Amino acid sequence: MLYERKIFARIKKKLFKGKALLIYGARQVGKTTLVKALMRDYPASKSIYLNADEYDVQAAFEGAKNFTELKALIGSSDLVVIDEAQRIKDIGLKLKILVDNLTDTQIIATGSSSFDLANIVNEPLTGRSYSFTLYPLSITELSDNSLELSRNMKHALKYGLYPGIYDLAAEDIRDALNEITEQYLFKDLLSISGIKKSDYLIKLLRLLAYQISSTVSYNEIATVLGLDQATVIKYVDILEKSFVIFRLSSFSQNLRNEIKKSQKIYFYDLGIRNSLINDFNDLDLRTDIGQLWENFAIVERMKSNYYQGYNPSYYFWRNYDNQEIDLVEDWGREKNLQCFEFKYRSGAKYRFPKTFSEKYVDAQKFIVDTKSFIGTGFLSD
């Protein structure tokens, strides 16, 4: 099934503005489907799709030494899509040459790893590109009414929201998730990151999967894995730049009792997380439902903000008295701080810490449970 992606219209508005479009996102989140949808509005004779996963495409681009040779690869196409472009050596320089010399041609490059494609592309394309990130499906891309929303939330908490997973029969979902995990997280990720010992990365991912919503200690993880702390931090950075996980840092403006240097780690997709620990139990039987809900709600909030063109800074807050706020958004002067506490059970009582409220008087505060998930404007368009 094809889904209308929220970011589609934003990307389409940037076409033919004299800049390359870079679309990042993990494998299987729908990048290829999205770019092919963009291509439908243009004659087949004037557009070309090139998959850099294919060796001959890689070799052809890597062998092209100048503009004339690069131009021969795309012919007279007005719209050029290079999928999984991070596979091509020196892709940044080659894209720069094309953009500089073909001002009326739209170049689109996708990549499943920002750490690879971005490091190679960003410097050569400074001022010559627009960048976008595509995530797994958002709940608002699936739900038109409260009944659908309730069903989709339960599905997301258990199986995640990868497009290729959502429409499968229940008995096929686990196999499909395991395949994504093995084919992307372990094999593809290892090959493009240069990591030699895959078992360490696998063990690290599983440790992180058990620790969602908790502050992480890189030193403790390093001890468990038998690695040095610097290596663990490097691996976490690679996983984040590959759109597997993301980090939230602690929020502080120098209040004496605030924890200033701490991090939490979450997964962009809970199906991947649950696959890593092999736990697909029904939600009523899970002891980690609170952590799942927190992870899910934060990701959906980030997607909603991003697809609407908003980009606040995200944090959590904690003090040394173990008082905590799950999500703090810093919007700068426009909206100041927006703060969220996530409770899976509706009606759960919670009072925002007095020390926080007194320090950040203008902060807006919300409690988000399964019933208020939409009603508070949490995911408003």
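**Surface and charges**

I looked up the accessible surface of the chain first: about 17900 Å², of which 46% belongs to carbon and sulfur atoms. Accessible areas come from the Shrake-Rupley method with a 1.4 Å probe, and for residues only the protein chains shown count as cover. I note that this is a predicted model, where local features need pLDDT of at least 70, side-chain atom pairs count only at pLDDT 80 or more, and totals for chains, interfaces and linings use all residues. Residues are numbered from 1 along each chain as its sequence is written, and side-chain values use heavy atoms, with hydrogens and water left out.

I then looked up the charges. The chain has 51 positive and 49 negative charges, and their mean positions are 4 Å apart. Lys and Arg count as positive, Asp and Glu as negative, while His and the chain ends are not counted. Each charge is placed at NZ of Lys, CZ of Arg, CG of Asp or CD of Glu.

**Overall fold**

I found 16 helices and 11 strands in the chain. Helices (H or I, at least four residues) and strands (E, at least two) are DSSP runs, numbered from the N terminus. The radius of gyration is 22 Å, close to the 21 Å that the globule rule gives for 381 residues, so the chain is as compact as a globular protein of that length. That radius is taken over C-alpha atoms, and the rule is 2.2 Å times the number of residues to the power 0.38. Along the principal axes, the C-alpha atoms fill a box of roughly 65 × 50 × 45 Å.

Of the 381 residues, 53% are buried. Buried means under 20% relative accessible area, exposed over 50%, and partly exposed in between (1.4 Å probe, protein chains only). I also looked up contacts (heavy atoms within 4.5 Å). Among those with a separation of 6 or more, 72% are between residues 24 or more positions apart.

**Strand 3**

I checked the cover of strand 3 (residues 79-83) and found 5 of its 5 residues buried. Leu79, Val81 and Asp83 point one way, and Val80 and Ile82 the other way.

For pairing, DSSP must find at least two bridges between two strands. Strand 2 (residues 47-51) pairs with strand 3 in the parallel sense over 5 bridges; here Leu50 has Ile82 as its bridge partner. Strand 4 (residues 106-111) also runs parallel to strand 3, joined by 4 bridges. The bridge partner of Val81 in strand 4 is Ile108.

**Strand 10**

I repeated the check on strand 10 (residues 337-342): 6 of its 6 residues are buried, so the strand is largely enclosed by the rest of the structure. Leu337, Cys339 and Glu341 point one way, and Gln338, Phe340 and Phe342 the other. I note that the buried set includes Glu341.

Strand 9 (residues 324-330) pairs with strand 10 in the antiparallel sense over 4 bridges, with Leu327 opposite Phe340. Strand 11 (residues 364-368) runs parallel to strand 10 and is joined to it by 5 bridges. In strand 11, Gln364 stands opposite Gln338.

In helix 2 (residues 31-39), I listed Lys31, Leu34, Val35, Ala37, Leu38 and Met39 as buried. The buried residues of this helix pack against helix 1 (8-13), strand 1 (20-24), strand 2, strand 3 and strand 4.

Lys12 is in helix 1 and is partly exposed at 36% relative accessibility. Leaving aside neighbours within four places in sequence, Lys12 is in contact with Leu38 and Asp41.

**Loops and phi angles**

Most residues other than glycine have a negative phi. Phe16, in the loop between helix 1 and strand 1, has a positive phi of about 55 degrees. Phe16 is partly exposed, with a relative accessible area of 34%. Gln28, in the loop between strand 1 and helix 2, has a phi near 75 degrees. Gln28 is exposed at 52%.

My last entry is Asn66, in the loop between helix 3 (55-63) and helix 4 (67-74). Asn66 is partly exposed at 34% relative accessibility. Its C-alpha atom is separated by 8.0 Å from that of Ile97, 31 residues apart along the chain.
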